[in-house]
Protein chains: 2
Amino acid sequence: MHNFRGSVLIEDEFLRDGLQNESHLFTIEQKLNFLSDLENAGVKRIQVGSFVHPKWVPQMVDTDELFTRLSPHDGVIYTALVLNKVGLDRALAVGVKHLSMSVSASETHSMKNTNRSVDEARAAIAPTIEKALGEGVSVRAGIQSALGCGFEGKIPVDRVIDIARSFSSMGVQEINIADTAGLANPRQVFDICLRLRDAISSDTKLSLHLHDTRGLGIANMVAGLQAGVRIFDAALGGLGGCPFVPEATGNIATEDAAFACEQLGLNTGIDWHALRAPVAKAEAMLDRRLPGRVSHVPTPPWQKDELVGAGVG
Amino acid sequence: MHNFRGSVLIEDEFLRDGLQNESHLFTIEQKLNFLSDLENAGVKRIQVGSFVHPKWVPQMVDTDELFTRLSPHDGVIYTALVLNKVGLDRALAVGVKHLSMSVSASETHSMKNTNRSVDEARAAIAPTIEKALGEGVSVRAGIQSALGCGFEGKIPVDRVIDIARSFSSMGVQEINIADTAGLANPRQVFDICLRLRDAISSDTKLSLHLHDTRGLGIANMVAGLQAGVRIFDAALGGLGGCPFVPEATGNIATEDAAFACEQLGLNTGIDWHALRAPVAKAEAMLDRRLPGRVSHVPTPPWQKDELVGAGVG
């Protein structure tokens, strides 16, 4: 078991994917507070919100204002999700430099989510991606339901490869493979990442968005690491899901992902201990225990310099 | 990512490691009922209880009677934990054919658990193992806290190898490596399994007892599979822990382990869907949600014959 060297970038999506399904509306001050917590814990990329019509996702109503009010920390990337040109224009107006856009690899999921077929959604997003790139924005192009669909079941790998290849040839900086319904397994993750790595430009980074719906979230992250992936989405406390796929609950937890990387000898820059307090705060606000694990148990009784991985029992 | 071929044996420890910490005492009829549930779901090895003094673990008071009352199913191994010769004699008296015995690799854990040093505990268990083997019983020798200790931190790999080698040379059928406090990581599991495989007789099987305390339980199982291990402990619902290590909560769940193997293309013989009802029953009796995942979410929308692993997106 190799490939455990270097650094890992964890994008926290608590403020977007985490909150978007919650009926309890967070104020902008509360969001700015969580943003500070994440920055202070060393999270290096934070998805702040989505530029979506508030009618669809009321929790995201203040994304524009969040970007105007946040004080950027050195070395932290603030990103957001946009769905179309209207959203892109809003993002550009508040100076966002990094954006996520995506399509679904599942016809049924695509229709339910966007009322478009996969090909229609691909055609619709292409000019938005091109405009963003033309404006000097870093674009991460995502493929939802890439590893299985709650409606359709298995998704042909070739379809995912085809979408990824076209995104890559458009010049996006990163391609994000999303296990929207939490249906992936480690062998599948490993294999598709190797195939994607061969299929897309070496300039295009690969990232994974994993859910822990069926207990395989962190195992899938480890498989991604083994395949050389070094960017992963997660959410503080393991909050999150997809509003259109009811059974898909729970991103992998940022603190668990950071802990796993640390134990494997990989650097994330995140002090996962510093996430205990914000997890507890989120649990108090949401009035339930969140699924993340390491914030609920004692810190392992060893120092970082005792962590090697290979050869340390 | 290779080594996903063949069959996997999952030993369910709900009735022993699962129940031993629970203050709610289960009746023998309730235990026999769970035993039937496990048999009917296709579990092929079941740890029925421990032959320990009821003063220490009141929940295990009826282990002898359980063995006399259970109706063995073809192809199912019924096993138990014994700590010493007194326990072995009780096990032999009720005809048990497969037993687990163990020592801790941590001096502090060993003292707290048995009031003996590691070497004293090894010397004390040796004649019991030899007597059991002489009586034709299959013996699984376990090494607790082998992958980290809540009191001592890292455990030297050489100590674990040394204990395993001596067990192997005594002729035990299987060596069980236990992550008693849930401190292991996948890289460590993979590495130690390869080293153990080289160190012990090829006649001695290797098994893993994993806890999901810090979210790495299933990832550690996948690492064990990659290293060629084909026997894993688990407990229905993810119940369990260790009474002497307070933070160590939660075996990997039998249903999640079986699901993970199935998705990876490995056969366990377990129909994890059939474990939904017993998980729900246990939750009702214990009045709390158990940590296992797959019994709480919909079945993935594909058939077994669509499961291949490699190449299936």
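Which residue stands opposite A:S50 in β3(A)? Select A:L81, the residue facing A:S50 across the strand pair. Before going on: this is a predicted model, where local features need pLDDT of at least 70 and side-chain atom pairs count only at pLDDT 80 or more, while totals for chains, interfaces and linings use all residues. Residues are numbered from 1 along each chain as its sequence is written, with chains lettered from A and ligands numbered from 1 in the order in which they are written.

**Stop 1: β2 and β3 in chain A**

Select residues 45–51 of chain A for strand β2 and 77–82 for strand β3; they run parallel, joined by 6 bridges. To get from β2(A) to β3(A), the chain passes through helix α3 (residues 63–69), a right-handed β-α-β crossover. Right-handed here means that, with the strands pointing away from you, the path from the first strand over the helix to the second runs clockwise.

Now look at how covered β2(A) is: 7 of its 7 residues are buried, that is, each has 20 or more other C-beta atoms within 10 Å of its own, with C-beta atoms placed from the backbone.

**Stop 2: β1 and the barrel**

Zoom out and the strands of chain A form a closed barrel of 8, running β1-β2-β3-β4-β5-β6-β7-β8 with parallel pairing. From one strand to the next, the twist averages 30°.

Next, pick helix α4 (residues 85–93) of chain A, lying across β2, β3 and β4 at about 155° to β3(A). Angles run from 0 to 180 degrees between N-to-C directions, using axes fitted to C-alpha atoms, for helices over the stretch in contact.

**Stop 3: over to chain B**

Where do the chains touch? The contact takes 48 residues from chain B and 48 residues from chain A, counting residues whose C-beta atoms, placed from the backbone, lie within 7 Å. On the chain B side, α8(B) gives the most, with 6 residues. Finish by selecting helix α10 (residues 254–264) of chain B, which lies across β1 and β8 of chain B, at about 175° to β1(B).

Technical notes: Two strands pair if DSSP finds at least two bridges between them. Helices (H or I, at least four residues) and strands (E, at least two) are DSSP runs, numbered from the N terminus. Two residues are in contact if their C-beta atoms, placed from the backbone, lie within 7 Å. A residue is buried if 20 or more other C-beta atoms lie within 10 Å of its own, exposed if 12 or fewer, and partly exposed in between; C-beta atoms are placed from the backbone.
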